[in-house]
Amino acid sequence: MLDAGDRHRRRIALTGERGTEFLLDLPHAAALRDGDGIVLDDGSIVRVAGQPEALIEIAAHTPLESVRLAWHLGNRHTDVQIVGDRIRIRRDHVLEDMLRGLGAHVTALEAPFDPEEGAPHGTHHGHAHD
């Protein structure tokens with residue numbers, strides 16, 4: 001199992017859960033998502049398994065409030081995953097307090113994290129932009 005950062009790769013030697021060893025060697029870095037399959041040279045397929053990470057799921061009362069919450073997270077360069085009408089981010093007590101202060105419902109969970117394409121992948125700077 002790989003966390004979100006380890007699943008954004010171009011080249012890496014990997015060993016599957018059943019001992020299959022292979023070299024991932026892509027022309028460009030790609031975000032491998034939980035559940036994706038990699039076809040090996042012999043035609044076999046290895047399923048990508050996302051490692052559960054400490055996340056929070058954010059819910060808003062209205063779509064407009066959801067957009068506002070997403071804006072605040074983007075302003076802080078935070079990786080996000082959109083799951084239906086919810087937003088998921090890595091656990092961060094500062095962001096959790098901010099979101100609750102903005103009226104969001106915040107729920108802690110453990111799940112594979114698949115941030116949106118083009119996300120900065122772990123570049124949360126830990127500072128506010130006011």
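Colleague: How much space lies in the largest pocket?

Modeller: About 490 Å³ of space lies in the largest pocket, and that value, like everything else we discuss here, comes from a predicted model.

Colleague: Which residues lie nearest the centre of that pocket, and which elements give two or more residues to its lining?

Modeller: The lining of the largest pocket is made up of 18 residues, and those nearest the centre are G16, E17, V46, R47 and V48. The elements that give two or more residues to this lining are β1 (8–15) and β4 (45–47), with β4 providing the largest share, 3 residues. By residue class, the lining divides into 11 nonpolar, 4 polar and 3 charged.

Colleague: And what lines the second largest pocket?

Modeller: The second largest pocket, with a volume of about 160 Å³, is lined by F22, L23, L24, D25, L26, G37, I38, V39, L40 and D41. Strands β2 (21–31) and β3 (37–39) each supply at least two of the lining residues, and the largest share, 5 residues, comes from β2. Here the division is 7 nonpolar, 1 polar and 2 charged.

Colleague: Turning to helices, how should I read the pattern of burial along α2, and which of its residues are buried?

Modeller: The general idea is that an α-helix has 3.6 residues a turn, so residues three or four places apart point the same way. In helix α2 (residues 93–101), the buried residues are L95, E96, M98 and L99. Viewed down the axis of α2, these buried residues fall within an arc of 165°, so they line one face of the helix. The face turned away from that buried side carries the exposed residues H93, V94, D97 and G101.

Colleague: What covers the buried residues of α2?

Modeller: The cover includes the strands β5 (53–59), β7 (86–90) and β8, together with the helix α1 (63–75).

Colleague: What should I look for at the start of α2, and what follows the helix?

Modeller: At the start of α2, a side-chain oxygen of D92 comes to within 2.9 Å of the backbone nitrogen of V94. The helix is followed by G103, whose phi is positive, near 95°.

Colleague: Where is H77 placed, and what is its phi?

Modeller: H77 sits in the loop between α1 and β6 (81–83), and its phi is near 55°, a positive value in a residue other than glycine.

Colleague: Is E53 buried or exposed, and which residues is E53 in contact with?

Modeller: The cut-off for burial is under 20% relative accessible area, and E53, a residue of strand β5, is buried because its value is 11%. Leaving aside neighbours within four places in sequence, E53 is in contact with D3, A4, R7, R90, L109, E110, A111, P112 and F113.

Note on methods
Residues are numbered from 1 along each chain as its sequence is written. This is a predicted model: local features need pLDDT of at least 70, side-chain atom pairs count only at pLDDT 80 or more; totals for chains, interfaces and linings use all residues. Side-chain values use heavy atoms; hydrogens and water are left out. Buried means under 20% relative accessible area, exposed over 50%, partly exposed in between (1.4 Å probe, protein chains only). Helices (H or I, at least four residues) and strands (E, at least two) are DSSP runs, numbered from the N terminus. The arc is that of the directions from the helix axis to the C-beta atoms. Contact means heavy atoms within 4.5 Å. A polar contact is a pair of N or O atoms within 3.5 Å; within protein, one must be able to donate a hydrogen and the other to accept it, and residues adjacent in sequence count only if both atoms are side-chain atoms. On a 1 Å grid over the protein atoms alone, a cavity is a set of points where a 1.4 Å probe fits but cannot get out, and a pocket is an open set with protein on both sides within 12 Å along at least five of seven lines; lining residues have an atom within 4 Å of a point. Grid points are joined across faces, edges and corners, and a volume is the space filled by probe spheres set on the points. Ala, Val, Leu, Ile, Met, Phe, Trp, Tyr, Cys and Pro count as nonpolar, Asp, Glu, Lys and Arg as charged, and the others, Gly among them, as polar.
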